[in-house]
Amino acid sequence: MDSATEVFVAHRNLLFTVAYEMLGSAADAEDVLQETWLRWVGVDPATVRERRAYLVRIVTRQALDRLRTLGRRRESYIGPWLPEPLLTTPDVAEDVELADSVSMAMLLVMETLVPTERAVFVLREVFDVEYDEIAEAVGRSPAAVRQLAYRARAHVAARRPRGIASPAEIRTALQAFQRAVETGDLQSLLDILAPDVVALSDGGGVKRALLRPIVGADKVARLLAAGWWRRDAERSVELVQVNGGPGLLVRVNGEIDGVVAVRVENGYVTGAYHVRNPEKLSRVERETALSR
């Protein structure tokens, strides 16, 4: 048992990251880790040649089962659905590929993949798992996995954000965005928002949120100036790292009210993802470690 525990703990951050990228939900990823642990303790680690690969295989199978169930559940979700935000450690932002793969924008793109394609994409593109190992994890032949990987890669490439921003550009844009949101100054918001900026929000049917995406600098600026900054409450906005990228932690009367993940491209804000569903805010009081 001690040996099994040591091996599992050594790979826990990796396994959580795999599950989270497949599911977009930290709560469901934790459930998958628990199921993976229960299966792992029934195995003698001494009989497993590649322990990392074996654990990744278990977590992938469990996540696939959960993902198919979640797909049916999300069909009845009230309002737009956004991934569960995570406050991430600084090292996640330093790993450009990892940060991109867990960003709100990328997780939303991966939502458009079918479950097996998503599993193959995550394992191959993010974690560089060999095709033979992926085949064992998803129950397909290596040839079929290669085809799935090609299809998923093309699908994601056609939809993923393309702009590149330096850390300095991101910091400058986020600070300007924070000031504009705090003051509700319309012109300041127009100056920092890209012409085709998109705003989405998720209240889970519990908190007020947008019923559909809002597109365009003028519409989003007016929304931010009038909708997110009510004058009848004491509100504070804190700069944080959300899913490996820039974000804002919003408090109302001292209590966490929501998280805004911000996408910055070429010095402008191109996406704002506002999560207010209380069930998705349990992980934003502390940083979550992710790894590859």
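**View 1. Helix 1 passes helix 7 in a right-handed crossing****.** A crossing is called right-handed if the near helix is turned clockwise from the far one by less than a right angle, and left-handed if anticlockwise; helices are DSSP runs of H or I with at least four residues, numbered from the N terminus. This is a predicted model, in which local features need pLDDT of at least 70 and side-chain atom pairs count only at pLDDT 80 or more, while totals for chains, interfaces and linings use all residues. Residues are numbered from 1 along each chain as its sequence is written, and side-chain values use heavy atoms, with hydrogens and water left out. Helix 1 contributes Val-18, Glu-21, Met-22 and Leu-23 to the contact (heavy atoms within 4.5 Å), and helix 7 contributes Arg-118, Ala-119, Val-122, Leu-123 and Val-126. Of these residues, seven are nonpolar, none is polar and two are charged, where Ala, Val, Leu, Ile, Met, Phe, Trp, Tyr, Cys and Pro count as nonpolar, Asp, Glu, Lys and Arg as charged, and the others, Gly among them, as polar.

**View 2. Helix 7 also packs against helix 9, and the two axes cross at roughly 90°****.** The axes, which are lines fitted to C-alpha atoms over the stretch in contact, with angles from 0 to 180 degrees between N-to-C directions, come within 9 Å. Helix 7 is therefore roughly perpendicular to helix 9, a term for angles of 65 to 115 degrees. Among the residues in this contact are Val-120 and Phe-121 of helix 7, together with Leu-148 and Val-156 of helix 9. The contact as a whole divides into seven nonpolar, one polar and five charged residues.

**View 3. Phe-16, Met-22 and Trp-40 touch the most other members of the largest nonpolar core, which has 53 residues****.** Such a core is a set of buried Ala, Val, Leu, Ile, Met, Phe, Trp, Tyr and Cys residues joined through side-chain atoms within 4.5 Å, and buried means under 20% relative accessible area, calculated with a 1.4 Å probe and protein chains only. Helix 1 supplies the largest share of this core, eleven residues.

**View 4. Val-197 lies in strand 2, residues 193-202****.** Strands are DSSP runs of E with at least two residues. Val-197 counts as buried because its relative accessibility is 0%. Beyond four places in sequence, the residues that Val-197 touches include Ile-214, Val-220 and Val-269.

Note on methods:
Buried < 20%, exposed > 50% of the residue type's maximum accessible area, 1.4 Å probe, protein only. Parallel < 35°, antiparallel > 145°, perpendicular 65-115°, else oblique.
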